Amino acid sequence: DKGNYRHFMAKEIHEQPEVVGRTLAHYLDLAEGVARLPFELNFDPKSLSRVTISACGTAYYAGLVARYWLERFARLSVDIDIASEFRYRDPPLPEKGLMIVVSQSGETADTLAALRYAKEHGQHILSIVNVESSTIARESETVAKTLAGPEIGVASTKAFTCQLAVFACLALALGRARGVLTREQERALVAELIAAPGQMAEALNREAQIEPVARDVARATSVLYLGRGPSFPLSMEGALKLKELSYIHAEGYAAGELKHGPIALIDYAMPVIVLAPPDASLEKTVSNLQEVAARGGHLILIGSPRARHEAAAELAGYIEMPETVAGAFSALVYAVPVQLLAYHVATFMGKDVDQPRNLAKSVTVE
Ligand code: F6R
């Protein structure tokens, strides 16, 4: 049931404050303001030195965002690869290490094969899945469920942000267990997480500002997304959403890599969408934005008023985000305008966003 929405995708985008809130409530002790995993781990988190993550598509991008959190808050190095590569690499894995697989459907063939490979190599398997009765869930030692509810739209939206929510809580819980985070640090980070659903609702309330930007992007044949830190994988997720829904070619790139090649592409025909939350890398991202501006680029900024002010460049489009969306978990909230933009470009172009051509919701073949 689409409710009052034209598409399942729109409904699912709008459900995010609720389902992310529900997911956070499942993995946080809201009264104490700390992370609380609803399952026991069969190993001592202190014994880990690294974790391995594998997944496909959007779920893989959730893992890439989580790498920043696991490294920073739990001091765990992260080896992450797409499942179709991981399983054939014959990767050496640490003794009794931790493998995290991420899947909305829990049926993705390559992700399942990566899980089985890791199991054969003695890894503890933790899966972050949305469908609890799925094969991946059944074959996992520990299941961390996302409480997104059924996702019908082929493009993953609410499952992605719920995966991020689970990863964020996991990073904080492991950080505490490993003696990396003090209670005080953990409480401050949990407070940021608790604020996220409200901020997502605020981002959704600003949906009207996306439409003129979407009409502009709909004219393009190629689009570049740029970001740093967690906004780098989010830029790849934005590019994936745009290409699968609107069939416009798009790429996500680390903003710092711009000058190592893609800057040659810059002209006014190619929109460059810069994700610039007010985090530690804002200044660097802004200087990359200015490199694009100096070459006559077609700039679209997704950022707070401070980012716009510091950019001091002529923008073809601006999607304003609240200044309060700052800190380590801003990707959770910036996912909203990224999804809405792809949705509006595609619907403006008359594409079927719930059933994009050539795509299936669950990829059970290799
Ligand atoms: C993109 C999308 C796909 C899936 C990928 C993995 O919007 O939906 O990239 O994320 O096929 O699917 P799951 O998460 O079911 O393993």
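This is a predicted model: local features need pLDDT of at least 70, side-chain atom pairs count only at pLDDT 80 or more; totals for chains, interfaces and linings use all residues.
Colleague: What should I look for in the phi of Tyr 247?

Modeller: The general idea is that most residues other than glycine have a negative phi. Here, Tyr 247 has a positive phi of about 65° without being a glycine, and this comes just after α10.

Colleague: Is Tyr 247 buried, exposed or partly exposed?

Modeller: Go by relative accessible area: buried is under 20%, exposed over 50%, and partly exposed in between (1.4 Å probe, protein chains only). Tyr 247 comes out at 26%, so it is partly exposed.

Colleague: And what about Ala 312?

Modeller: Ala 312 isn't a glycine either, and its phi is positive, about 45°. Look for Ala 312 in the loop between α12 (305-311) and β12 (317-320). With 68% relative accessibility, Ala 312 counts as exposed.

Colleague: Back to the helix: how do I read the span of α10?

Modeller: The expected span is 1.5 Å times one less than the number of residues. α10 has 16 residues and reaches 22 Å from first C-alpha to last, close to the 22 Å expected. Of those 16 residues, 14 are buried, so α10 is largely enclosed by the rest of the structure.

Colleague: Which residues are closest to the ligand?

Modeller: Near means having a heavy atom within 4 Å. By that rule 14 residues surround the ligand, the closest being Ser 103, Gln 104, Ser 105, Thr 108 and Glu 244.

Colleague: Which polar backbone atom lies 2.6 Å from a ligand oxygen?

Modeller: One in Gln 104. A backbone N or O atom of Val 154 is 3.3 Å from a ligand oxygen, and a side-chain N or O atom of Lys 241 is 3.0 Å from one. Taken alone, the ligand exposes 410 Å² (Shrake-Rupley, 1.4 Å probe), and the protein buries 89% of that. The elements giving two or more residues to the shell around the ligand are α3 (57-74) and α10.

Terms used: Residues are numbered from 1 along each chain as its sequence is written. Side-chain values use heavy atoms; hydrogens and water are left out. Helices (H or I, at least four residues) and strands (E, at least two) are DSSP runs, numbered from the N terminus. A polar contact is a pair of N or O atoms within 3.5 Å; within protein, one must be able to donate a hydrogen and the other to accept it, and residues adjacent in sequence count only if both atoms are side-chain atoms.
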